[in-house]
Each structure stands twice: as structure tokens, then as C-alpha cells.
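Subject: Structure handover

Hello,

Here is the structure I promised to pass on. Please open it first, then read the notes below.

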Amino acid sequence: MLNRSILIGRTTSDGELKYTPSGNAVYSVTLAVDRPYRNGNGEKETDFIPVVVWRQLAETCANYIHKGKLIAVEGRIQVRSWETDNGRRYATEVVADNVRFLDSNKQQNQQDPFEGEGQPIDIDDRQLPF
């Protein structure tokens, strides 16, 4: 049997980092993923998929993921259920094993700390140590 999911989309929020009573970090965020076709009105439709990340990767995601960030998620689909006063409730989510950050710093309007550096200098080849 195989349960693998690979998603690429943009985050709808900064996400939320929590800790279990045993101290494990758990990060949750929703990923907006466009469908590969347009509807009858010519508009793109989007699925909003809950993603859950555990342990060290959860803390890393909490530090670097912000609303609108383009990420790739690889993981497995999980369905949870629980009882409430109104009956049984279900949640379907992707439990991530791997998260890749696909936006560059410049795409996120963050200033490059090395911008303006790397200008050519005039140096004689005989002065080089190699």
C-alpha cells in the first residue's frame, strides 16, 4: 500500500506552533493549491489543504513560513476522527515529512544583505596568492 502526497502551494497564514504535553512541537498551516483547470466561468479553483508538521521540522517551519510563502510539502494523508456532543467529527490533513521553501528572499521583498557588494576590483594577477 502507498500513501504519499506532494503539494506545491502558498500558505494562507503564518501558521500556528504548539507543543504537546510531552513537549513535541506541532505546526499547522493551510496550503492553497490551485487546481490544474478552470471552471465553467474560466476561473481557477483552489483547494485549501491543512498541513501538519511535527518535531524539529515544525519549529523550523514556524520560523520561516509566513502568509503567502510558496512551499512544497511531501507527506501522507491522514484522517482523524473524534466524538463531540453533535456526533462524530472528521479532519483530513497532510502530515508532512519534508517541507521545501520555494520562494527566494527577493520574491518575499526581503532585502538581500549582500546587495551592492561584489563590485569588480582592479587587481594585478601577480598579487593573487594562487
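Let me start with one contact. E74 and R4 form a salt bridge, with their closest N and O atoms 3.2 Å apart. (A salt bridge here is a side-chain nitrogen of Lys or Arg within 4 Å of a carboxyl oxygen of Asp or Glu.) This pair links distant parts of the chain. E74 sits in strand β5, while R4 is in the segment before β1 (5–11), and 70 residues separate the two. Strands and helices are DSSP runs numbered from the N terminus: a strand is E with at least two residues, a helix is H or I with at least four.

A word on the source. This is a predicted model, in which local features need pLDDT of at least 70 and side-chain atom pairs count only at pLDDT 80 or more, while totals for chains, interfaces and linings use all residues. Residues are numbered from 1 along each chain as its sequence is written, and side-chain values use heavy atoms, with hydrogens and water left out.

Salt bridges

How many salt bridges does the structure hold? There are 8. R4 has a salt bridge with D97 too, and there the closest N and O atoms are 2.8 Å apart. D97 belongs to strand β6 (residues 87–101) and R4 to the segment before β1, so this pair ties together parts that are 93 residues apart in sequence.

E74 counts as partly exposed because its relative accessibility is 30%. R4 is partly exposed at 43%. D97 is partly exposed at 46%.

Another of the bridges joins E16 and K18, with closest N and O atoms 3.8 Å apart. E16 is partly exposed at 42% relative accessibility. K18 is partly exposed, with a relative accessible area of 46%.

Strand pairing

Two strands pair if DSSP finds at least two bridges between them. Which way do β5 and β6 run? They pair in the antiparallel sense, over 14 bridges. They form a hairpin with 2 residues between them. Within this pairing, G75 has A96 in β6 as its bridge partner.

A96 also turns up in the pairing of β6 with β4. There, A96 is the bridge partner of V53. β4 and β6 run parallel and are joined by 3 bridges.

On to β3 (residues 25–38) and β4 (residues 44–54). These two run antiparallel, joined by 10 bridges. V33 has D47 in β4 as its bridge partner. The hairpin of β3 and β4 has 5 residues between the strands, and G42 in this hairpin takes a positive phi near 80 degrees.

A surface patch

Back to β5 (residues 70–84), which also holds V79. V79 counts as exposed because its relative accessibility is 55%. Together with I77 and Y90, V79 forms a nonpolar patch on the surface, with about 330 Å² of accessible area in total. Patches are made of residues with over 30% relative accessible area and no salt bridge; like charges are joined within 9 Å, and nonpolar side chains (Val, Leu, Ile, Met, Phe, Trp, Tyr) within 5 Å. Accessible areas come from the Shrake-Rupley method with a 1.4 Å probe, and for residues only the protein chains shown count as cover.

Best wishes

Conventions: Buried means under 20% relative accessible area, exposed over 50%, partly exposed in between (1.4 Å probe, protein chains only).
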